[in-house]
Amino acid sequence: MEYVVALLVLAALVALAVSVPLRRRGQAERLEETRVEELTAAKEAKYREIRDAELDHRMGKLSERDWRMVDGELRGEAVEILRELDALEGRTPG
Amino acid sequence: MAGVGSACLTIGLFTALYAVGASLFGARTGRREWVDSGRRAVYCLAALCVGAFAILESAFLRSDFSYALVAEGSSTSTPTFYKVTAVWATQDGSLLLWATLLALFAGAVLFLTRRTLRDIAPYATAVLGAVAAFFLLLMVGWENPFDTLAVVPSEGAGLNPLLRHPAMMIHPPMLYTGYVGFSIPFAFAIGALMTRRTGADWIRATRRFTLVAWTFLGTGILLGALWSYSELGWGGYWAWDPVENASLMPWLVGTAFLHSIMVQEKRGMLKVWNVSLICATFTLALLGTFLVRSGILDSIHAFGASTIGVQFLVFIGCVIALSAVLVISRLPYLRSEARLDSLLSREAFFLLNNLVLVALALVILWGTFFPLISEAITGTEQTVGPPWFDRLATPLAIVLVLLAWVGPVLAWRRVTPAALVRVLLAPLAATAVVLAALLALTDARDSVPSLIMFCFVAFLLSVVGQEFWRGARARRTMTGESWPRALARLTGRNRRRYGGYLVHVGIGVLFLGVAASSAFLQQRDVRLSPGQSFSVGDYDVEYVRPTARLGGDRGGTGAPIAFGAVMRVKNGDRTFTLRPSRNYYATADPAKGAISRFFEGEATSEVDMRWGLRRDFWLAVRPDLVSLQKPIARADREFSDSPSDVQAIVISTLTQLYREKPPPATFRAIVSPLVAWIWIGGAIVLLGALVAAWPSPEARLRRVRSLYKARLGRELTRA
């Protein structure tokens, strides 16, 4: 009996919890928020790579020529991310 | 409350299945609300599993023997700490622990990624839900931890005495956290393959979970080794036991994965390799659980007697099949975005390091399963022992330490030979000095593999030390900071790199301890009477007198009887006392007499040792109870129906008899150099992993800002 009662109560609670999004409306505008999050994470990763390369150069592991080449590539990739971020943030509210 | 616990598992199973269905439906139809509903189902699953676990823990703490599990694995005399941890000493309880940890991890990662990876996350939710459903199905269908007994016993069987050690009881949750943690990157890898979004996004989102899983699994492995060293009576910490190997294999492949994902993040390379590696890591984690829980390691015939072995095999087969189909079908989307620029590059050596790690895992896999395969084919089990593993694993381990120092000195894409030579000069000089010192001042030349390992470790430590020094110097040049501040800021702003260097240092130190303690260990087994003595290494050991104790054992394990010895140990002008003993636990076997059941149950060694940074002195005793057999048999005949307080007096008299007329006892003494550095190395690895995993201040600030921005966006839309 304890098992059956607990089964019914827990089932009702779970059903209530999982049905909340199904009763809500208006999800479309959040697509851009998530893309902004993803691009921001990608931007930070790219900045980390730029700093890594600079540190490797200062520590003598990367020659000047190699560092300038790598740095240029990484900065170009970062700029592309920033462009897309600026475009998105210009469209989202706030 | 057993009914409530059981209901939690049943509803949990259906909730997990709902999470699978809702997430897949939402992903296929583009209906976001179903994806969110599936994610909420995982949150509910976490709550249900935690609730079930709490109910079971409560039953153990209350010694509620109406629960079959509590009656089987605990007793009223079990110390409280071991009551708490006894939950996962049983198969049913360990399955519940697995499911609970998985649900919590899944809930955490899905909460953290609820605004990102919109395409991948639903498939990851489905995978995590499916894995959770499997474990819940095992419990609901076959191994329910909430089964109750029709006839409730007044006392339980008690916890297996071998498990009554702190390290051993923390070891399973650590291992399971590691196994479960690897399910997160696996699930997201499957999601990435399903959606063909095979860039680095899924790696970035799950990297910390991977690192946490790897750290916990490694800690669990080390705790198991520590338990073996300090609890079992053989004096070693690693025996290439199949159960040990089962946990090491996913850790090795997981280590390879942690390195190679950096290559994909930086260069967009090794995509096929990475998804294959994480699928292999998760499969090995499941295999590890299967090996321990299926009974197959005792014998292939014991496997048939297990209630869940076949189910595990089927599930592992499905995981392998799904992974293989997805990887093969998505090959066009897994092409590298760049090529290897130079063999003298970090990515080239990471790949080499990966190959060595995977080779080591394959060697261990073969050695672990060979006895089972030979038994299945020939009918007789052919064992593969430690010498076979040592012969193959030692050279691979040496190569690994070699590669561990190469990685830090190289840069991404390429390093010129001239720059490499410049960077290696100082470490090479330091290593030459160390080599000369080892040859002149120690016996290291007696073991060439160990000497090579010592030199490689010295080189590794020099290289990493140089990295910290050069990095801090470069920062001081830019900022003018003091040395300590420059070092702290350098590490803080480059946590992944310098945390990783610390991990390498820890691994090197650990291998140093392993090499020294394996090659230069000295051991003696002797049989002594009180007053006699022996020597081992430069230690002189005297058996002073026997000991016999009722209750109150040092380790707090609840052993009713302990026989041991007081030993005086002299080393040069230092003298110390050790008190090894052997604990005896009563058996519930009705065939044993009322008195003899206290002496003929399980017995465990309580080792005593003197720890030291240079070496450990380890001592174990095995008392000989033959002289007590006749008095015990007589006591069984005369006092079998006596009250328990009278029986206690009889047992006390027998222990006194042992003290007064002790027969010779067998002792094992071991002098182990540098063992402590294994545990110290492990602690350094843990520290390095924490540094590498700790979020940067910028990342924390970004999360706070994005929460406010998201909230603003929602509220403006509703207005």
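Trainee: In chain B, six residues of domain 1 are in contact with nine residues of domain 3. What makes two residues count as being in contact?

Mentor: Their C-beta atoms, placed from the backbone, must lie within 7 Å. Six residues of domain 1 and nine of domain 3 in chain B pass that test. On the domain 1 side of chain B, the residues touching domain 3 are four nonpolar, two polar and no charged ones. Nonpolar here covers Ala, Val, Leu, Ile, Met, Phe, Trp, Tyr, Cys and Pro, charged covers Asp, Glu, Lys and Arg, and the others, Gly among them, are polar.

Mentor: Before we go on, this is a predicted model, where local features need pLDDT of at least 70 and side-chain atom pairs count only at pLDDT 80 or more, while totals for chains, interfaces and linings use all residues. Residues are numbered from 1 along each chain as its sequence is written, and chains are lettered from A and ligands numbered from 1 in the order in which they are written.

Trainee: How do you know where the domains of chain B are?

Mentor: The bounds come from an automatic or database domain assignment. For chain B that gives domain 1 (1-162), domain 2 (165-415) and domain 3 (522-677). Taken over C-alpha atoms, the centres of domains 1 and 3 of chain B are 41 Å apart.

Trainee: Why is helix 8 of chain B called largely enclosed?

Mentor: A helix is a DSSP run of H or I with at least four residues (a strand is E, at least two), numbered from the N terminus. A residue is buried with 20 or more other C-beta atoms within 10 Å of its own, exposed with 12 or fewer, and partly exposed in between, with C-beta atoms placed from the backbone. In helix 8 of chain B, 27 of the 31 residues are buried, so the rest of the structure largely encloses this helix.

Trainee: What is the bend in helix 8 of chain B, and where does it sit?

Mentor: About 50°, at B:Arg207. The bend is the angle between axes fitted to the seven residues ending at a residue and the seven starting there.

Trainee: And what makes B:Leu117 buried or exposed?

Mentor: B:Leu117 has 26 C-beta neighbours inside 10 Å, so it counts as buried. B:Leu117 sits in the loop between helix 5 (91-112) and helix 6 (121-141) of chain B, with a positive phi near 50°. Most residues other than glycine have a negative phi.

Trainee: How many bridges join strand 3 of chain B to strand 4 (residues 561-571)?

Mentor: 10, and those strands run antiparallel, with B:Asp540 opposite B:Lys570.

How values were computed
Pairing = 2+ DSSP bridges.
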